[in-house]
Amino acid sequence: MGRAVTVATCALNQWALDFEGNLERIFRSIDIAKSKGARYRLGPELEICGYGCSDHYYEPDTLLHSFQVLAKLLESPATQDIICDVGMPVLHRNARYNCRVIFLNKKILLIRPKISLANTGNYRELRWFTPWSKARHVEEYFLPRIIQEVTGQETVPFGDAVLATKDTCLGAEICEELWAPNSPHIEMGLDGVEIFTNSSGSHHVLRKAHARVDLVNSATAKNGGIYILANQKGCDGDRLYYDGCAMISMNGETVAQGSQFSLDDVEVLVATLDLEDVRSYRAEISSCNLAASKVNPYPRVKVNFALSCPDDIDVPTCMPIQWRHHSPEEEISLGPACWLWDYLRRSKQAGFLLPLSGGIDSSATACIVYSMCHQVCLAVKNGNADVLADARRIVNDEAYIPEDPREFCKRVFTTCYMASENSSQDTCHRAKLLAEQIGSYHINLNIDVAVKAVVGIFCVVTGRTPRFSVHGGSSRENLALQNVQARVRMVLAYLFAQLTLWARGMPGGLLVLGSANVDESLRGYLTKYDCSSADINPIGGISKTDLKNFIQYCIENFQLTALRSIMSAPPTAELEPLVDGQIAQTDEVDMGMTYAELSIYGKLRKMAKAGPYSMFCKLINMWKEICTPREVASKVKHFFRMYSVNRHKMTTLTPSYHAENYSPDDNRFDLRPFLYNTSWSWQFRCIDKQVNAL
C-alpha cells in the first residue's frame, strides 16, 4: 500500500560565507540520510551560505556563490533518489527572499520564500529580505544559466505552494513561521498536508528549548500530522550559538530528538512513520474536518516520487519518546563551551588566556573552558575525526590524542593572576588552587610596577599626586586610581596572550577571554577598557545568580573543590587598599544594589519594556513586603541613573555569548542611546508624584 515514510532532518554547524565547508557538510548529511533509507532530507535555514551573513546578503557575490553551490548539489549523484530541501537567498524580480529550494533528481520542484520574517531581538531579517505576502500564489522564476545547464529547466514554481508526492503531501514552514500566531501549518493541515517541515536558524537562550519543543508538538496535536524541524548548530561567526535540537514529531508527540549541544558538525535524525496514523488521528477530529471543507486550497506541485515503498507491511515505525531537557546549569556548562570551541578552531589560534582573579565570574569562565576540554576529549573518544584534527592543529602536534581534560587544558588554556598591593592572599590562593585542579598553565605576576609608572607620568606632568579615599583623596582620585589598575591588567593580558607561547617555545597566540557578567554590564560596573575588554566573553550574557548555580554544578560534577571557597567569598574588585590586610571593598556595596535586584531590573527594563515609571509601578507590588514605596523609588532612580551614566560602555562591550533576553548588548540586541539625560527629570517627577500620593 505504501504508507511508511522515511524522512531525515539534520543540525549542521554551518559558517557564514564558508561555501566550501557548508557544501561539504550538506553532502555529508545527505549521505547519512540516504544510508539510513530516507527519501526526504531537510536542512537548516539558509544553510548554503550560512545564516549569519548579515549585510553580506546585499552582495551579488553571496547570491552567485549560493547558486554555484546549488549547482554542485543538483549535478551530484549523491542527491539522486532523495528529495533535498536546502536553504539559500534568492533574488526574484529584484527582491531578495529567504528561500527553500526543493529538488529531486536534477530538477527543482519548488522555490518557497519565507512568509514571516524574524525581526526582533538578535534578528534583522527585514533589513535583508522581503517577506512573501502573496498567500497561495505561485509565479514563474527564471533560473540563472548556471542552474539551467544542470536541470534543463528555464523556469520553476516560486511561491506559497505544497508538494504532492505519490503517497502524501508536504508543506514547508521556515523558522519564524512556526512562532507566528497564524502559522502556515494550520491551514496547510486543513488542506490535507500530512508532513510539515521547518528549517530554522534558532539560537540558544537559557531555558528556551522547551518552548521550541512545545511549539512543534502542539503544531500536530490539534490536527495531526508529522512535523520535521531542522536547525543550525554552533557559532557561525558572531555572538549567537545555534543549539541544534533537530526533532521529528507526530500527532503531538516527539519521535526523534537531536542533541542540543555537541561538537559534531553534522547530526542527522531519521524516522520511519506511518501515514495511516496521521489519517486515523485526523478522522475523529470533527471540528477540523468541518474547517477543512471551507479552506482555500494551496497550489500543489505534483512530484512523481514516493516517500514510502509499495511493500512496507513489515517496516518498523518509530515510537514516541520523552524529551530530555538540560538544566540551566548544564546549558551554561555546554553551550558556551561549544561556542568557545568553534571560535578557537575557526580563528586558528592556539588557545585562550584568562585573567583569573579568584572571584566567581573569572572562575566560572575558567570552568567553561574546562568543560570545553571535557567535550573535546569525549568527542575524540567517540570517534569524532573532525575534533581530533582540530585539536592536533591547535596544539601543533599531528600525533596528539586528547584523552585527559586536565592535560588538554594545560596545552590550550593559560590563566594569569595579576596581583597588586590591593590584592589579598586569599584570592591569590583561590586562583592558584583552581588553576591546579583544572590543569591550566598558570602565571602569577604583580602589576604594581606598571601602575606606579603610569601614575608617575601623571605626577611629573601635573605636579599632583592622586590618593585613594581611605588616604584622604577625593572620589575622582579614588576612581582614577582604581581604573589605572584595571586598564593596566587589560594591557598586560594582551601582551601575555601574544607572547606567552613564544616565551615557552611554542607557536601561535592566545585569545583573551573576558569575564564580566550580564548584570555588571547592565549596571556599568566595570572599567571601560579593563579586563572586561577582551576578544570574546563566554559569560557576558549570563546573570550572577545563574553563575553561582553553575559554580555549584561544577563542584558536584567536575569535583572542583577549590570553588567552595570562591562561592563563599563576597564578590570584590580588589582595587581599593586593604584594611588590616583584609578586603574592604565589595561589589554590591560599590554598586548600591544587589545582584538579585540587578537581574530583576534587567528583565523589567528589556523584557517587560519598562521605563523608570513603569518599573516603579511594577516593583511597589513585587516588593511590597520588603520595601516602602519611597524605598522602591530610591532604588529605581539609582538604577536608572547608573544605567544611563554607564550606557556608553556598552558600545565597546566585548562580544559575548548570548544567553539572556535582558542582555544590554549594544551591537544589535539592545538598541538604545549611549548619551542620556541622566537626570530623568520628567520620569522621576512622575515617580515622586506617585510616592507622595501613596
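1. Overall composition. The protein chain of this predicted model contains 24 helices and 20 strands. Its C-alpha trace extends over about 90 × 75 × 45 Å along the principal axes.

2. Of the 694 residues, 59% count as buried. Among contacts in the protein chain with a separation of 6 or more, 74% are between residues 24 or more positions apart.

3. Helices α1 and α2. Helix α1 covers residues 19–35 and helix α2 covers residues 60–75; their axes come within 11 Å and cross at roughly 30°. Because angles under 35 degrees count as roughly parallel, α1 and α2 are roughly parallel to each other. Their crossing is right-handed.

4. The contact of α1 with α2. On the α1 side, the residues are Phe 19, Leu 23, Ile 26, Phe 27 and Ile 30; on the α2 side, they are Thr 62, His 65, Ser 66, Val 69, Lys 72 and Leu 73. By class, this contact comprises seven nonpolar residues, three polar and one charged.

5. Helices α21 and α23. A second pair is formed by helix α21 (residues 595–607) and helix α23 (residues 629–645), which pack at an angle of about 75° with their axes 12 Å apart. Since angles of 65 to 115 degrees count as roughly perpendicular, that description applies to α21 and α23.

6. The contact of α21 with α23. Helix α21 contributes Glu 597, Leu 598, Tyr 601 and Arg 605, which meet Lys 635, Phe 639 and Tyr 643 of α23. The residues of this contact divide into four nonpolar and three charged, with no polar ones.

7. Lysine 637. Helix α23 also holds Lys 637. Is Lys 637 buried or exposed? Its relative accessibility is 14%, and because the cut-off for burial is under 20%, Lys 637 counts as buried. Once neighbours within four places in sequence are set aside, Lys 637 is in contact with Phe 684, Ile 687 and Asp 688.

8. Points to inspect in the model. A reader may begin with the right-handed crossing of α1 and α2, continue to the roughly perpendicular pair α21 and α23, and then turn to Lys 637 with its contacts to Phe 684, Ile 687 and Asp 688.

Conventions:
Residues numbered from 1 in each chain as written. Predicted model: local features only at pLDDT ≥ 70, side-chain atom pairs only at ≥ 80, totals over all residues. Heavy atoms only, no water. Axes fitted to C-alpha atoms, helices over the stretch in contact; angles between N-to-C directions. Helix = DSSP H or I, 4+ residues; strand = E, 2+ residues; numbered from the N terminus. Parallel < 35°, antiparallel > 145°, perpendicular 65-115°, else oblique. Contact = heavy atoms within 4.5 Å. Nonpolar A, V, L, I, M, F, W, Y, C, P; charged D, E, K, R; others polar. Left-handed = near helix turned anticlockwise from the far one by under 90°. Buried < 20%, exposed > 50% of the residue type's maximum accessible area, 1.4 Å probe, protein only.
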